[in-house]
Amino acid sequence: MAEARPFQLEARGVSVVLGGVRALDGLDLVLEPGLRTVVLGPNGAGKSVLLRTLHGLIAPTAGTVSWSRPVRQAMVFQRPVMLRRSALANLRYALAVNGVTEPERTSRATAALARVGLEKIADRPARVLSGGEQQRLALARAWALRPGILFLDEPTASLDPGATAEVERVIASIAAEGTRLVMTTHNLGQARRLADEIVFIHAGRAAERTAADRFFDQPASNEARLFLQGELPWK
Amino acid sequence: MFEIFASLGVALELIGGADPELWGIVLLSLKLSLASAVAGAAIGLPLGALIAVGTFPGRRALIVVLNALLGLPSVVVGLVVYLLLSRAGPLGEFGILFTPAAIVVAQTVLVVPIVAALARQAAEDAWGEYREQLTSLGVSRLRAVPTILWDTRFSLLTVVMAGFGRAASEVGAVMVVGGNIDGVTRVMTTAIALETSKGDLPLALGLGVVLIAVVLAINAGAFGIKEWSAKRHG
């Protein structure tokens with residue numbers, strides 16, 4: 001249901017300095033249409049900052065982020081932030097802010113809840129839901145906006161394996177409908193399952209961009225090889 | 001020492017015996033303080049949230065002015081309101097000096113800085129948590145103000161109660177602009193001041209007991225609501 005026309009996202013020489021620290025350092029990256037991109041890299045490499053910069057939450061100190069056409073975006077954070085109101089009301093709020101009027105607002109919100117299997121708890125206060133439920137609610141909120149691109153910043157980092165599997169299933173189905181994914185994770189199994197391509201970030205730059213099925217066996221960059229050796233020492 | 005207990009005994013009799021003079025004063029006090037708290041909240045809450053969330057020219061100056069108002073002696077506020085409302089003043093044509101309305105105006109001026117300062121704190125904390133998510137959803141800063149106010153509504157209840165407490169316990173400004181006219185603008189605090197200076201300790205003490213009880217009860221209620229909401233809404 002997402003906007004189907006292809007688009008391209010390009011970062012050119014993007015640097016971001018936050019609190020005196022150079023989080024991104026002249027990063028170049030082209031995200032082509034239709035792929036599921038997983039951004040990998042060690043802690044502090046700049047993965048989260050990259051996503052926030054592409055999404056527009058952080059203005060680059062230098063360089064540009066350009067879109068081949070305007071695209072509706074959404075982002076799911078590691079810790080979902082829900083408003084103090086019911087699960088359904090959280091979705092209705094996001095839709096209202098984005099100009100979706102009744103009766104479509106309610107029907108879309110209800111459909112999105114059903115989509116992530118939360119229709120039974122529509123009226124429960126969102127902030128007392130479990131971590132996994134809140135993250136699925138965050139995905140429903142993002143999906144309800146029909147984004148052309150969805151950024152996910154370690155969406156399962158604070159979840160247990162059961163909740164992680166549920167969230168992964170929802171993410172995969174959103175991508176299957178044509179929403180472009182750009183996601184960070186520390187879970188290499190998850191990266192394998194969800195990625196078409198891997199972007200490996202090291203010291204604020206994109207060290208490589210490689211098809212996922214090749215990356216884990218034959219990473220192109222030395223940094224990625226060392227990273228994989230550290231993460232998968234048995235290989 | 002004995003005198004205090006004797007006075008306290010008479011005071012409790014006045015309270016229990018539904019003394020019309022005492023309860024008339026209490027009722028007027030509550031009415032005016034409630035009106036001031038509501039008016040102060042209507043101005044102070046959005047103002048506090050706007051300062052917390054907004055980026056606009058004069059924001060820093062506004063914070064300094066509000067903080068200064070927090071520490072301003074209430075008698076001075078009373079004097080300024082008096083000058084504004086007096087017949088020759090810019091708002092003199094309304095003719096509300098020495099009426100309950102003048103008390104509400106003065107108390108509101110005193111309540112707004114407190115409510116705004118405390119609301120700003122609550123809103124800043126919430127904004128720190130919500131900023132990225134709301135920005136990501138496409139919520140403008142101005143649109144975020146009502147969202148933040150609604151989401152911190154249970155904390156803000158305590159804030160409004162603090163404003164109510166400020167209004168209810170106010171003496172100096174109320175004396176200046178209300179005039180402490182018997183049956184018209186005599187409220188608990190000004191009555192206590194007057195009766196004490198006259199030596200009628202039982203009435204003063206009775207009013208004091210009621211004043212403390214009211215402020216305690218209202219704050220206990222606000223606290224209870226906050227606890228309940230934290231459990232229910234997280």
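What share of the contacts in chain A with a separation of 6 or more comes from residues 24 or more positions apart? The share is 68%. This is a predicted model.

**Chain A overall**

Chain A holds 8 helices and 9 strands. Its C-alpha atoms fill a box of roughly 55 × 40 × 35 Å along the principal axes. A compact globule of 235 residues would have a radius of gyration near 18 Å, and chain A agrees, because its value is 18 Å. Of its 235 residues, 43% count as buried.

**A sheet in chain A**

Chain A has an open sheet of 3 strands. The order is β2-β1-β4, and the pairing is antiparallel. β2(A) and β4(A) stand at the edges. Each has a single partner strand, so one side of each is left without a neighbour in the sheet. From one strand to the next, the twist averages 20 degrees.

β1(A) and β4(A) are joined by 5 bridges in the antiparallel sense. In β4(A), A:Trp67 is the bridge partner of A:Leu9. Helix α1(A) packs on the sheet and touches β1, β2 and β4 of chain A. The direction of α1(A) makes about 120 degrees with that of β1(A).

The elements of this region span these residues:

| Element | Residues |
|---|---|
| β1(A) | 9–18 |
| β2(A) | 21–31 |
| β4(A) | 62–67 |
| α1(A) | 47–55 |

**Where chain B meets chain A**

The contact takes 15 residues from chain B and 14 residues from chain A. On the chain B side, α5 (100–137), α6 (141–151) and α10 (201–233) each give two or more residues. The largest share, 7 residues, comes from α5(B). By type, the chain B side divides into 3 nonpolar, 7 polar and 5 charged residues.

**Helix α9 of chain B**

Which residues of α9(B) are buried? They are B:Met188, B:Thr189, B:Thr190, B:Ala191 and B:Ile192, in a helix that covers residues 188–198. Their cover includes α2 (20–53), α8 (172–178) and α10 of chain B. Helix α10(B) also gives residues to the side that touches chain A. Just after α9(B) comes B:Gly199, with a positive phi of about 95 degrees.

Terms used. Residues numbered from 1 in each chain as written. Chains lettered and ligands numbered in written order. Predicted model: local features only at pLDDT ≥ 70, side-chain atom pairs only at ≥ 80, totals over all residues. Helix = DSSP H or I, 4+ residues; strand = E, 2+ residues; numbered from the N terminus. Rg over C-alpha atoms; globule rule 2.2 N^0.38 Å. Buried ≥ 20, exposed ≤ 12 C-beta atoms within 10 Å, placed from the backbone. Contact = placed C-beta atoms within 7 Å. Nonpolar A, V, L, I, M, F, W, Y, C, P; charged D, E, K, R; others polar. Pairing = 2+ DSSP bridges. Axes fitted to C-alpha atoms, helices over the stretch in contact; angles between N-to-C directions.
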